[in-house]
Amino acid sequence: MTPSPRPLLNRRLAGFGTTIFAEMSALATATGSVNLGQGFPDTDGPEEVREAAVRALRDGRGNQYPPGPGVPELRTAIAEHQRRRYALGYDPDTEVLVTAGATEAIAAALLALVEPGDEVIALEPYYDSYAACIAMAGGTRVPVTLRPSDGRFRLDLDELRAAVTDRTRLLLLNTPHNPTGTVLTREELSAVAALAVERDLLVITDEVYEHLVFEGEHLPLAGFPGMRERTVTVSSAGKTFSFTGWKVGWVTSSPDLVNAVRTAKQFLTYVSSGPFQYAVAAALRLPDEYFTGFTADLRAKRDLLASGLAEAGFEVFRPAGTYFVTTDIRPLGATDGVAFCRELPARCGVVAIPNEVFYDAKEAGTSFVRFAFCKRTEVLHDAISRLKRLRS
Ligand code: PMP
Ligand code: GLN
């Protein structure tokens, strides 16, 4: 008798197929559609930053394995950035770690800090790698759902408090939040911090959209009382400098937490992005005008796409931050976002992302669809005129 074959993919990863971003970008290419799905800019970042990478390559800086924690120039620039922006002091030698994008930072932090059976609370809808990495670490994911209210997706603090149990090890937070565009307020972050202190929880905060805030301000959770010692702050150069392919990310935290994350990280990639690390060090030192100009440009694009989507018949949740507008498709007579996104290229030549795939409680996200506005203005105009066909 032949034994029934064991599935190749181990059980922790069962159910994690191809990421929605890969699937939808492939669909955009195959159908020649305007890709407002995967969040990447269609123009590269500042020329001087690109030139800094070229210089590093030519000068032989970073062409061989860089140091495990990251090149000192970049660690120093990250510490300076945290001080200049947020008045948070980190020692570049013991409290900063360079990673292969925020993705590796999140994976390494979860693998380092979570024991099998630990509960990890994540805000839902959540960025897709969170669920997979919590699963790889053997943790149990406990979603807390952001729900629409007054045109914004809100965190229900009572729901968050009720989700904490004796098994909760960690909160995995993301602000500015992908895909909803919500930026947690000072009051919300204070309450999260008080809860983390009261229940002695560790926190990973994913702040990759820290420079993409259009209303209100980005406040790092690590700056709240009692949080510095329990918070692993994660960020990345991809979004801030429009070089998503370089995959330079980082962690800032206490020496003990950085040590733990580095222990896992060194066996994932060991190191990465040698010459790009020097270029990102230069980028972090760009004058304030770069950052304000960049935010203003994306704010205008947000406004353009948000009004275009409203004119096309969608209900629009105007994002306070990130690259993304979340919409509700019900005013267009549709309810199933996955089916809607699969049909959208054939109907009008646009690709978007169904938010449902970022939920455990699928029914809470079925009718929401995300569009990215980090594209050239003419591309956004083109997409809007295509989307207006949906009404005719
Ligand atoms: N976190 C969030 C919320 C994201 O949207 C993304 C995608 N850009 C990442 C992490 C991954 O960042 P990176 O490309 O630096 O790995
Ligand atoms: N962060 C990007 C998004 O949300 C996608 C990154 C990826 O493809 N993993 O669209």
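What follows is a friendly conversation about a predicted model.

Biologist: How is the protein chain divided into domains?

Modeller: The assignment gives two: domain 1 covers 11-45 + 289-391, and domain 2 covers 47-284. Their C-alpha centres lie 24 Å apart. The contact draws on 37 residues of domain 1 and 44 residues of domain 2.

Biologist: Thanks! Which residues touch the most other members of the largest nonpolar core?

Modeller: Those are Leu110, Phe371 and Leu387, in a core of 100 residues. Helix H4 (residues 101-113) supplies the largest share of this core, eight residues.

Biologist: And why do you say that this core lies between domain 1 and domain 2?

Modeller: Both domain 1 and domain 2 give residues to this core, so it lies between them.

Biologist: What is leucine 387 in contact with, leaving aside its neighbours within four places in sequence?

Modeller: With that exclusion, leucine 387 contacts Leu309, Ala312, Phe314, Leu344, Cys348, Val350 and Phe371. There is also a second, separate core of 27 residues, with Leu155, Leu171, Leu173 and Met227 among them.

Biologist: Back to helix H4, then. At what angle do H4 and helix H9 pack?

Modeller: H4 and H9 (residues 255-265) pack at about 105°, and their axes are 8 Å apart.

Biologist: What makes H4 roughly perpendicular to H9?

Modeller: Angles of 65 to 115 degrees count as roughly perpendicular. The angle here is about 105°, which falls in that range, so H4 is roughly perpendicular to H9.

Biologist: Which residues make that contact?

Modeller: From H4 come Glu104, Ala105, Ala108, Ala109, Leu111, Ala112 and Leu113. H9 brings Leu257, Ala260, Val261, Ala264 and Lys265. By class, the residues of this contact are ten nonpolar, no polar and two charged.

Biologist: What makes Glu104 and Lys265 count as charged?

Modeller: Glu and Lys belong to the charged class, together with Asp and Arg, so Glu104 and Lys265 fall into it.

Biologist: One more residue, please: why is isoleucine 134 called buried?

Modeller: Buried means under 20% relative accessible area. Isoleucine 134 has 1%, so it is buried. Isoleucine 134 sits in helix H5 (residues 128-136).

Biologist: What does isoleucine 134 touch, not counting residues up to four places away in sequence?

Modeller: Isoleucine 134 touches Leu110, Val120, Gly139, Thr140, Arg141 and Leu172. Leu110 is also one of the residues that touch the most other members of the largest nonpolar core.

Biologist: How far apart in space are isoleucine 134 and arginine 169?

Modeller: From C-alpha to C-alpha they are 12 Å apart, with 35 residues of separation in sequence.

How values were computed
Residues are numbered from 1 along each chain as its sequence is written. Chains are lettered from A and ligands numbered from 1 in the order in which they are written. This is a predicted model: local features need pLDDT of at least 70, side-chain atom pairs count only at pLDDT 80 or more; totals for chains, interfaces and linings use all residues. Side-chain values use heavy atoms; hydrogens and water are left out. A nonpolar core is a set of buried Ala, Val, Leu, Ile, Met, Phe, Trp, Tyr and Cys residues joined through side-chain atoms within 4.5 Å. Buried means under 20% relative accessible area, exposed over 50%, partly exposed in between (1.4 Å probe, protein chains only). Helices (H or I, at least four residues) and strands (E, at least two) are DSSP runs, numbered from the N terminus. Domain bounds come from an automatic or database domain assignment. Contact means heavy atoms within 4.5 Å. Axes are lines fitted to C-alpha atoms, for helices over the stretch in contact, and angles run from 0 to 180 degrees between N-to-C directions. Angles under 35 degrees count as roughly parallel, over 145 as roughly antiparallel, 65 to 115 as roughly perpendicular and the rest as oblique.
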